[in-house]
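Open your viewer and keep the selection panel handy. We will go from stop to stop, and at each one you will hear what to select and what is there.

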Amino acid sequence: MKCLDCGYETDINQKIITCPRCGGLLEIKVKLKGFSFSNLKGRGVWRYKDAIPGNYSKIVSINEGNTPLIPSRNYKQTFYKFEGANPTGSFKDRGMTVAVSSAVNTGYKVVAAASTGNTAASAAAYASRAGLRIYLVLPKGKVALGKLAQSILYGATILEVNGSFDVAMASVMRLYKDLGIVYPLNSFNPWRLEGQKTIAYEIAEEIGEPDNVIVPVGNAGNIYAIWKGFTELQEAGVISKVPRMIGVQAEGAAPIAKAIEKGLNEPEFFENPETIATAIRIGKPVNWKKAIKAIKSSKGTAISVSDQEIIDAQKRLAREEGIGAEPASAAALAGYDKAIKEGIVDKDQKNVLILTGHALKDPDAMLRLDVRRILINPEHIENIVLGEINDNN
Ligand code: F0G
């Protein structure tokens, strides 16, 4: 394990979450030995257990991962990795199975997470499964209804802050540092990212290496995790190259996209992030250093899209492709369209968009879309339908 901030190095130790010397972000270096997809058994995240360091004598799993890679109807070689098909409806489950298993195997009884909603729902489910006490810290009034309802369903204790996710995040970080007995389930915990990297393993096993991978970015852990997965496979000679990582942020919460655009080495944080895509309404991404490393080393980039572009993309995904994704996930398609227009990616290359969460997470966003909804007299239903069919002919 190596600290991205101060360079401190230590042997792999599952008990370590942040740098023991400076508190910075740790990277877990994994070297695959004799790895081949043809030797693997089982499905989902734990199919790739040879690539996940640590001791997992007890695994807390709800059969996460193994999500569908859906070919696009509109673009020839483009695929959607639909993470909404995970047990709680987002990619977070991949990280939670590893992090919560780590918490159990290292003896923790209490876990905590700050969240814009999906981490909360996922952490709550896995904590229940493991029999752990869980505290969730949420930005009051800014969590999509489905996610809040899930957190309630799984029985978590919900602590709300008047402020953004960034305020909630800082308080969980403090709780972890001050009270070592609480295990943090946020993505500054590098063990969580070891689970999330299996998105890359699944894609590579199914279609080999893509040219570009387009990922919505919030707290900025997932884009790094996916890049890390591809990098490990490339270093082991399983694939020939690492795809370019293209991060997408909402205009009102775009510190990483702006940093890349302006050529800055460090992002300028957004004090009051705002976007309809509440999942990525984040102004101070904890993992910014990891995200920038992934983007730069893969010769990728990051771009920002407007809320209107996100809404339009969500609608197109649903109404042209039949895929229901939440607004933050639809940002990947909005960003993809923009990247094609600006010549950043070629639509005829092999490209994968990561659709991070299910549309059902955010019913309010769906209800705001245009709809034909007509109160009818059931006796006369055929008049309406026949009338319309005739009109259309
Ligand atoms: N898409 C969805 C649906 C998300 O919920 C998140 C993050 C992201 C993308 C961005 O991933 O943070 O790794 O860059 N949601 C977190 C949460 C912050 O609390 O659920 P990231």
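Start by selecting asparagine 55 and glutamine 14: the backbone nitrogen of asparagine 55 lies 2.8 Å from a polar atom of the glutamine 14 side chain, a polar contact (a pair of N or O atoms within 3.5 Å; within protein, one must be able to donate a hydrogen and the other to accept it, and residues adjacent in sequence count only if both atoms are side-chain atoms). Before moving on, note that this is a predicted model, in which local features need pLDDT of at least 70, side-chain atom pairs count only at pLDDT 80 or more, and totals for chains, interfaces and linings use all residues. Residues are numbered from 1 along each chain as its sequence is written, and side-chain values use heavy atoms, with hydrogens and water left out.

Stay with glutamine 14. You will find it in the loop between β1 (2–3) and β2 (26–27); strands (E, at least two residues) and helices (H or I, at least four) are DSSP runs, numbered from the N terminus. Is glutamine 14 buried or exposed? Glutamine 14 is buried, at a relative accessible area of 11%; buried means under 20%, exposed over 50%, and partly exposed in between (1.4 Å probe, protein chains only). Leaving aside residues up to four places away in sequence, show what glutamine 14 touches: Gly54, Asn55, Tyr56, Ser102, Thr106 and Trp191. Contact here means heavy atoms within 4.5 Å.

Next, the six-stranded sheet. Select β3, β4, β12, β9, β10 and β11, in that order: together they form an open sheet with mixed pairing. Two strands pair if DSSP finds at least two bridges between them. β3 (69–71) and β11 (301–305) are at the edges with a single partner strand each, so one side of each has no neighbour in the sheet. On average, neighbouring strands of this sheet are turned by 25° against each other, direction ignored; axes are lines fitted to C-alpha atoms, for helices over the stretch in contact, and angles run from 0 to 180 degrees between N-to-C directions.

Zoom in on β4 (residues 78–82) and β12 (residues 351–355), which pair in the parallel sense over five bridges. Here tyrosine 80 stands opposite leucine 353 of β12.

Move to β11 itself. β10 and β11 run parallel, joined by five bridges, and isoleucine 246 stands opposite threonine 301 in β11. Colour the two faces of β11: Thr301, Ile303 and Val305 on one side, Ala302 and Ser304 on the other, all of them buried. In a regular strand, side chains alternate between the two faces of the sheet.

Now select the ligand. Which residues are closest to the ligand? They are Ser115, Thr119, Asn219, Ala220 and Thr356, among 20 residues that surround the ligand, each with a heavy atom within 4 Å of it. A backbone N or O atom of asparagine 219 lies 2.7 Å from a ligand oxygen atom. A polar backbone atom of alanine 220 is also 2.7 Å from an oxygen atom of the ligand.

Finish with β7, β6, β5 and β8, an open sheet of four strands in that order, with parallel pairing. Its edge strands, β7 (157–161) and β8 (182–184), each pair on one side only.
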